[in-house]
Amino acid sequence: MRFAKTGVPTLLLLHPNIAYTLELSALLKPLAGTTQTTLALVVLLLPLLAFALLYGWGKHLARKGDWLGIGSTGVIFALSLYLFSQTWDTATFHSRIIWFSFPSNYVADFTAGVRLDNLTVLMLLIVTFVSLLVQVFSVGYMKGDAGYSRYFAYLSLFTFSMLGIVLVDNLLLLFMFWELVGLSSYLLIGFWYQRPAAVAASKKAFLVNRVGDIGLLLGLFAFYTYFRTFDLEALRTLVGAGEWSNGIFSLSYTLNGQPWLVELSPVFLTLAGLGLFMGCVGKSAQFPLQVWLPDAMQGPTPVSSLIHAATMVAAGVYLLARCYPFFTVDALTVIAVIGAITALLGAIAALTQYDIKAVLAFSTISQLGYMVMGMGTGAHDASLFHLTTHAFFKAALFLNAGIIIHAMHRGLHHAHLPGDADPQDIRNMGGLRRAMPLTFYTYLLAAAALVGLPLFSGFLSKDAILSGSWAWAQTMSAANGNSLYYIVPVIGFVVVLLTAYYMGRHLWFIFFGSFRLPFDVQSLRFSVRQEVERVMLLPVVLLAILSLGIFFSLNPLAFSGSWVMRGIGIEVLTPKSTLLADRLVQAVAAQDAANDTAHLVIGILSALLGVAGIALAVGRYRNRGGALLLQEMPQGALARLSYHHFYLDAVYNRTLVQPTIWLARMLYRLDKRVIDYTLEYASKWLVVFAKIVKWFDHWVVDGSVWLIGALSKVLGSIGRNLQNGKVQSYYAYSLFGFILIILYIMLN
Amino acid sequence: MNLILSGLIFTPLLAALVVLLMPTRLQKPMKVTALLGTLVQMALSVLLYLRFDGSAPANGHTGYQFVEKLDWISFSLGSLGRFQIEYFVGVDGVSISMVLLTGIVGVIGVISSWTINKNVKGYFLLYLLLVTSVMGCFLALDFFLFYLFFEFMLLPMYFLIGIWGGPKREYAAIKFFIYTLVGSLLILIVMIGLYTSVIDPQATAWQMNLIGQGIPADANVIRQVQQMLQQGVISNADIVRTFSIPAMMEPANFIPGSLLHVLSGVSLFDLPIRFVAFLLVFAGFLIKVPSVPVHTWLPDAHVEAPTPISVLLAAVLLKVGGYGLIRIVYPVFPDAGAYFATLVGGLGVLSIIYGALCALAMNDLKKLIAYSSVSHMGFVLLGLASLTAEGVNGAIYMMFSHGIISAMLFLVVGVIYDRAHDRMILNFRGLAKRMPAYTAFVVIAFFASLGLPGFSGFIAELLVLLGSFGAPEATGMLPRWLAIVAVFGILLAAAYYLWALQRMFFGKYWIFPELREKASISDLDRREYLMLVPLAILALLFGIFPHLLLDKVSIAVSGFTELVLLNGQEQLNMVLSTIIP
C-alpha cells in the first residue's frame, strides 16, 4: 500500500560500510560576534532605522529629512570602507545565531548570521557608494516633489534590503531580503502612484519577479530536502564532501546523530540548480523574464540608476556567485546560453529605441546577460568584475540621463510649445554637447566604458568575460566533440558590435548635430553659469571618473592585473574545491591560462568591434538632417521587432495573462453555477420532498389516524345501536350467535 | 486547582449575563462591559500563553496543561456500563496559539463593533456568546463538550449575520447555517460511533474496583485495564465509555469487536468502517476550514456579515476546522489520515489555487479577501497532510498568522465600507491620494497576506511548503508535484492583491458618481488606528521572531506527528489485514 514508510525518513538507510564523519549540527553552531560583524549589523540596520523615521516623521523634519537618508548612508559607506579594509584579502568574519528550531532529530536548527568575505565587502562598497551618490543627486532631482520624504524613506528601505542580500550567510535569509528588495523596487517604480503607467509597471515588475521566485523557492526546497540546511557555508561543506560515483552524487552525513545517506541524480541536481537560477532570471531580467525592466523605467530616474542598473538587478548575478558550488555542468551550460540570448536580445532591442531611458534599460538587460553568460561559462570572477564596473558606468549614464531629462523639462517649460514634446525622446534632442558640456563629457566617459573601449573599465571586464567564454567553448567542444558551444562567445562578440552601435547612435542623437526642437538650446541650462544644480553634478562626475580602467587594474589594457578580479575568484570565495562542476571550472581556468595569444586577439578584436560599431552609427546618421532625425521611425519588420522588444509583452499577455484571468472567471462561475446551483437544486428538491412528506403526513398519517377515528366512530355507533335496551333484540342476537357457533363446529 | 481555562471560557459569558441584565437604553455601558469582558479574556490568554510550558514533553495524548476535569453527566446503565460526559478542558501546544489568537481577536472585534447602533443589547449578547463558544471549542478535550461548543457557535453566528448583515443577509445566514449543520451532523455520527467504541481506562478501573474511587490510576493500572479490555475479560457492566478525546487517541482503549476498533472488519461501500468514519468527520471539519469544493458559504457569509463578525469569522471561526483536524481527526484515525494523505493535501492544493484564481476574478473587495482566506486555509491542509515537523508546525503557524492578517484585511475593508457604503473595486480609483494612512495599512495588510518576508504569513507558507516538498522523503506522504503546484499560489496571491491595489488605490482619485453624495472619504480615525496598529505589529513580530510561537507549539507537534505516523502505520496494517485476506 501507499503507506509503506514511517516517520523515519527513507534516506536513513544505514550503510555499515560508510563512514559517517560529517555532523551537520556541528556545522551550524552559533558563532560569537566580532567587532566587524557587529559593525556589519549596524550597516544593515541603520538604513532600516532611517526608513522608519523618514516614513513616520519625515515630513516634520527639517528639509523633509533628506539629510537623514543621506547621513545614514554616508555613515554606512564609511563603515563599509572600514570593513573593506579589515576584510579584503585578509580575513573573513562570520557570526551566527540560532533563529528558531524544531525539537526533531530530522530538522536542523534554522540559523541566521552575517558573513564578511571579499565579495561581501566589495558589494557593500558598491551598494553604499552608489546609494549615497544617488541620494545626493536626488536632492536636486526630486526637489519640490510632494513625496520627497517618502522617496528618501523608500530609498533607505531599498538600501537596507539590498545590504541584507549581501550580508546574510544563508539562502533563506537571502531569499527574504530578496523579496524585500522586490517590495522596495515595487514601491519606487510606482512612486508616482497617480500615474497609471507607473503603477502598472510596478505591479508587472513584482509579478514577473515572483515567477522567478517560484523557481528560486523550489530550488531552495530541493536543496533543503536533502541537505537539511540553508546555511551557505554548511551547504558548501556538504556539497564538497559528496562524491560522484556511477553518475550519482552521493553524500553521507549525520544530523543530531542520525545518519543520512543522500543519493541524487545529476538531473535532479541540475533542475534544483536551475531553480535557483530562475531567481536570477527574474531579478536580473534574463530571458524570458526580462520584460519587466524596460517598464520599470517609469520610476524616478535616480531610482533607475541605483536599483534598475547598478545594484538590485545585479543581485541575481550575486546569487549565482554565492550558489556557484551547487550548479552542475549542465546547469551552467543552460545559464551560459540564457545569458547569451539575453545579451543578444537586449542589445538588439536597444538598437531602435528613442526613449533615452529605454536605450539604457535594454543596454542593462544586455549587460546583465553578459554577466550571467560569464557565470555560466565559468568566468565567475570576470562576471563579478563586470558587475562592479557596470555598476559605476551604468549608474553614471542613468544619472546623466536624469540631468538631460530635467533640462529638457526646463526647456519645454520655458518654450511653451504647442502639443507635448516628450522630454525623454532622443529625437527631440541634438547638439546638447554645446549647451551641456559637462554632461556631455561625463556621459562620454561612461559610454566609452559601456562600449568597452581600451583604457576604460568596461574594456577590462568585458574582455575577461569574452576570454573566459572562449576558453569555455574550447573546453566544452573538446570534451563533447560539438563546436556549437562556440556560439556563446561569438554572440559575445556580436553584442560588442551592437553595443557600440546603439551607444554611438544614442550619443549622436543626444549630443551631436543641432538641437531639433524649435527653441533656444541654451534654455536647457539651469542658469547662464551653471548647466545643472551643483548637488547633482558631483555624483555624476565621481561615477564617470570611476569608469576609467586605471582604478580597477594597474595595467588598464589587461584585466589579468586587476586587483578586483584577483579578490573575487572562485577559489578565494570557496577555499576548497567544492564545486559540483569542479572539473569543468578547473579545465576552463587551465585552458584560459594557456590561451596567451588568444587573449591578445580577443582584446584587439573587441576593441576593433567597438570602434567599428561607433563608426557604423556615426556613418549612418552624420549626413541626416535634424528634421529627418526628428521624424525617424523604425523602418522594416526587423526594426519594428526590435522596437517592440520582439512583442514579448503581447505574447505573454495573450498566452499567460489573459488565459489566467479567463480561467479565474470560469472558476468563479463554476462556484456560482455548479456548486451553488447544485446546492440550491438540492435544497429545492428538499422542499419538494418536504411538500411530499407534508402531503403524506396530511393524507396518509393524519388520514389513517382520521380513518381509525372515523372507523371507530362507525363501529361505536353500530355497537351503540346494538345496545338498545330491548330484551327481544338481545335474545335475537344471542340466538344468531348460537347458530353461527353451531355452524362453525359443524363445518369443521 | 487552577481555574484559568474556565476563566477564559466563562468570562465573556459572565459579561453576556451582565449585558442581559442591563436596561436596553444603556448602550455605552453595554459596549464597555463587552470590552471589559473580552479584555479580561485576552489578559488571561496572554497570561496562559506566557505560563504555558512549551518545553514540557507531549506525545499526542498526554502533555495537556492547566487541565480541569469534572464529572458532568454520569449515570449507571446497569449491565451496559456507565454513561459519562465530563467537563474536561486543557491546553497543549496545538491549542495554545488558538487560545491566544481568540483572546486578541475578541477584543479587536469589540472595538470594531463600537459603531453598531442597531439593537446593541442583542448584538453584544450574541457576540459574547460567540466568543465563549469559540474559546470553549479550543479548550475542550471531551468530544461531547467540544461538540456542544461547536454547535453553539452556529446560533449566535446565524443571528449576527441574519440581523446585522448586509442586503442579502438572510440568504447568507441560512446558507451558512445549512452548510455548518450538515458538517456538524457528520461529526455527530462519528462522535457517537466513537463513544460506543472507546473506554475511559481510569473510570473503568474505578468501576472494576481495581483502585479506590477518586484515586488517580498510575500507568500500570491503566495498562492493566487496557490489556484486560483487549483480552475481553472486562464485563459489560464495568465498562465506562467516554467522549474523552485523549482516550480516543489510544488504540488500546477501543473495545474489541466494537464498530471502530481497528480489527472490527466492518466495511461500508468497500471501505473499512474506520476509513468511512474518517471521511465523514473529515468532511465535517472540511466545511468549517473551508476547503474547495465545500467553501461557497464563506464568500456569501463574509460579504453579508458586518465587519466585526467577518473579522471573527475569518480570524477564529475558520480555525476551528483546521484545529479539529489536528486535535481530533488525525490522532483518532491516524491510519486513515495516512492512507488519505494525498486526498487531504490535494484538497489543500486545490483550495490554494482555486481560491486564489477566484479571488483574481472578484470585483468586490470583501469577496476577494474571502476567497483569499480559502486559498490560505489550503496551506493548512497541505501542511497537515505532509505530517512532517515543518509542515504541521507551518499549518498551525498559518492558522495563527492568518488569524492576525485576515483580521487586518477585513478591518481595512470595513474602513472603506463605513465611509462609502460600497466596496466594489471598480467604483474607486486613486484612494491613496485622499487616504494615505489608510492606503499604507492596506498595503501592509496585502503584502503581509501575500507572504512578504518579515510578516508572519511568510514563515507559515515557507514551513508548509518546506514540509510538503520534503514529505515524500521524510514521511512517505504526498507526491512531490503537490508542493510544486502549491508554490504557484504565492504568485497568484501577489497578482490579485497588486491588481486590487492598482485598480482601487492608485491612479488619479475618482469614485463612482452615485457614491459621491453619501460618501465622506476621510482618512483613518483613532479607533481604527487602535485596531490596525497592534495587528500590524503582531504580524511583524511573529514574522521576524518565529520562535515566539514555535517554542510553545513545536514539542506538541512532534508528539502529534510521531503519534500519527507510528500508530498510523501499525493500525493501517491491521485495518487492511481485516479486509485483504
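Modeller: Let's begin with two helices of chain B, H3(B), residues 93-112, and H16(B), whose axes come within 9 Å and cross at roughly 10°. Axes here are lines fitted to C-alpha atoms, for helices over the stretch in contact, and angles run from 0 to 180 degrees between N-to-C directions. H3(B) and H16(B) are therefore roughly parallel to each other (angles under 35 degrees count as roughly parallel, over 145 as roughly antiparallel, 65 to 115 as roughly perpendicular and the rest as oblique). From H3(B), the contact is made by B:Val94, B:Ser97, B:Met98, B:Leu101, B:Val105, B:Ile108 and B:Ser112. H16(B) answers with B:Ile396, B:Met399, B:Phe400, B:Gly403, B:Ala407, B:Leu411 and B:Gly414. Two residues are in contact if their C-beta atoms, placed from the backbone, lie within 7 Å. An α-helix has 3.6 residues a turn, so residues three or four places apart point the same way. By class, the contact of H3(B) with H16(B) holds 10 nonpolar, four polar and no charged residues (Ala, Val, Leu, Ile, Met, Phe, Trp, Tyr, Cys and Pro count as nonpolar, Asp, Glu, Lys and Arg as charged, and the others, Gly among them, as polar). Helices (H or I, at least four residues) and strands (E, at least two) are DSSP runs, numbered from the N terminus.

A word on conventions: this is a predicted model, in which local features need pLDDT of at least 70 and side-chain atom pairs count only at pLDDT 80 or more, while totals for chains, interfaces and linings use all residues. Residues are numbered from 1 along each chain as its sequence is written, and chains are lettered from A and ligands numbered from 1 in the order in which they are written.

Now to the contact between the chains, which takes 54 residues from chain B and 46 residues from chain A. H16(B) (389-420) is one of the helices that each supply at least two residues of the side of chain B that touches chain A, and H19(B) (456-474) and H23(B) (547-579) are among the others. H23(B) gives the most, with 13 residues. That side of chain B divides into 34 nonpolar, 15 polar and five charged residues.

On the chain A side, look at A:Tyr224, in helix H7(A), residues 196-227. Leaving aside neighbours within four places in sequence, A:Tyr224 is in contact with A:Phe230, B:Leu466 and B:Gly470. With 21 other C-beta atoms within 10 Å, A:Tyr224 is buried (20 or more other C-beta atoms within 10 Å; exposed means 12 or fewer, and partly exposed in between, with C-beta atoms placed from the backbone).

A:Asp295, found in helix H10(A), residues 292-295, also counts as buried, with 21 C-beta neighbours inside 10 Å. Beyond four places in sequence, A:Asp295 is in contact with A:Ala201, A:Lys204 and A:Ala205. The C-alpha atoms of A:Asp295 and A:Lys204 are separated by 8.1 Å, although the two residues are 91 residues apart along the chain.

Finally, helix H12(A), residues 315-322, has eight of its eight residues buried, so H12(A) is largely enclosed by the rest of the structure. Among those buried residues are A:Tyr318 and A:Arg322.
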